[in-house]
Amino acid sequence: MKLFRGFRAILYKEFIVIFRDRMTLFFMFFPPMLQIIAFGFALDNDVKHMAMVVLDEDRTVESRALVDAFVNTQTFRVVGQAQSVEEWAETIRSGKVYVGLQIPPEFTRNLRAGRKATVQVLIDGSNSTTALQALNTALGVALRRSVNVLLSEAGRRELPIEVRPQVMYNPAMRAPNFFVPGVIGTALQIATVFAVAMAVVRERERGTLENLLVSPMTGWGLMLGKLVPYLCISMVMALFLFTILRWVFFVPIQGSLIVLFLSALLFVFALSTLGLLVSTKAQTQNEAMQMSMTVMLPSIFFSGFIFPRETMPWIFYALSTLLPLTYFIQLMRGIVLRGAGLRELWPQLTVLAGMGLALFSLCALRFRRKLG
């Protein structure tokens, strides 16, 4: 086809250049694999064993049972006993602990007399994630013990209303099941966009772009020849990342592997065309890297990788609809966790395919048969 004239030649040349450039291959494979392993183990909203200091002024069986109830949740661990209110508050202020539990001297007396027994829990709110979990757990401990006391006083053995929740798709509530599929998307994006963005820029900096400009190849053939090698390498990298997902983090893949790899292919295609678009605009590799970063950071924060998109202001929610990572994360969590198929995920697949085709067409049209 005349439209893609020169495709085979540039494809052969680009494969040779890539395999000779070991540094490019290294940065396409090693950082993403390191990223998925590091983030997969580090990202966990379920905080356990937060340091807690206790000021027990009651020193009774009931007060010790209350402390044990806090520890048995596995959210807290007692690291020290304070001897005064000043020491208790200072320990929290110093940052040595996240939580302080104070049991007043009249705690057991009020409890046995049927009066309200009050305890104080100070929580370090400088870290909102740990503070929120500490607050919810502390309130849950108080609620459970209060319910037990009321049931014993009323002579009842069961609660009037019982809720039987069932968590679907991730019953163990494992953080890797939620985060690792998203990490795969960010890892593929960083490696693919950066590598492809250097494709045309490398030709321009080395002065070899002149030979391409005077050749009979078309812009469509040049762009496709530049894209396909990186597309193939990125799919190999995706296979490695899926292997890590399954056999390192033990995340079961509930859906079809065919749909999974189709999603990865369309996502990598969209990323590759995005990198090509950057390379047709940037004049130097440093400029290409800076332009690529303008896409990376919004993708991490606005794609739903960490924060729910529904809680974002409308302008950022609208911005997230323009990011390929947004749709890939939806596809990954749908396929891996919920076992969704083409019938449920065709809108996201269609958007990724449309993004890739539109960006590829734009890259080919932007290509000029002249330098600068």
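Residues are numbered from 1 along each chain as its sequence is written, and side-chain values use heavy atoms, with hydrogens and water left out. Because the model is predicted, local features need pLDDT of at least 70 and side-chain atom pairs count only at pLDDT 80 or more, whereas totals for chains, interfaces and linings use all residues.

The protein contains 14 helices and four strands, where helices (H or I, at least four residues) and strands (E, at least two) are DSSP runs numbered from the N terminus. Its radius of gyration, taken over C-alpha atoms, is 28 Å, well over the 21 Å that the globule rule (2.2 Å times the number of residues to the power 0.38) gives for 372 residues, so the protein is more spread out than a compact globule. The C-alpha trace spans about 95 × 45 × 40 Å along its principal axes. Buried residues (under 20% relative accessible area; exposed over 50%, partly exposed in between; 1.4 Å probe, protein chains only) account for 46% of the 372 residues. Of the contacts (heavy atoms within 4.5 Å) between residues at least 6 apart in sequence, 80% join residues at least 24 apart.

Three salt bridges are present, each defined as a side-chain nitrogen of Lys or Arg within 4 Å of a carboxyl oxygen of Asp or Glu. Arg112 and Glu62 pair at 2.8 Å, N to O. Since Arg112 belongs to helix 5 (residues 107-112) and Glu62 to helix 3 (residues 61-72), this pair ties together parts that are 50 residues apart in sequence. Arg112 is exposed, at 65% relative accessibility. Glu90 and Arg93 form a salt bridge at 2.5 Å, N to O; the two residues are three apart in helix 4 (residues 85-93), and are therefore separated by about one helical turn. Glu90 is partly exposed at 40%, while Arg93 is exposed at 62%. Arg343 and Glu344 pair at 3.7 Å, N to O, with Arg343 exposed at 71% and Glu344 partly exposed at 43%.

Helix 13 (residues 324-336) packs against helix 14 (residues 342-366) at an angle of about 145°, the axes being 10 Å apart. Axes are lines fitted to C-alpha atoms over the stretch in contact, and angles run from 0 to 180 degrees between N-to-C directions.
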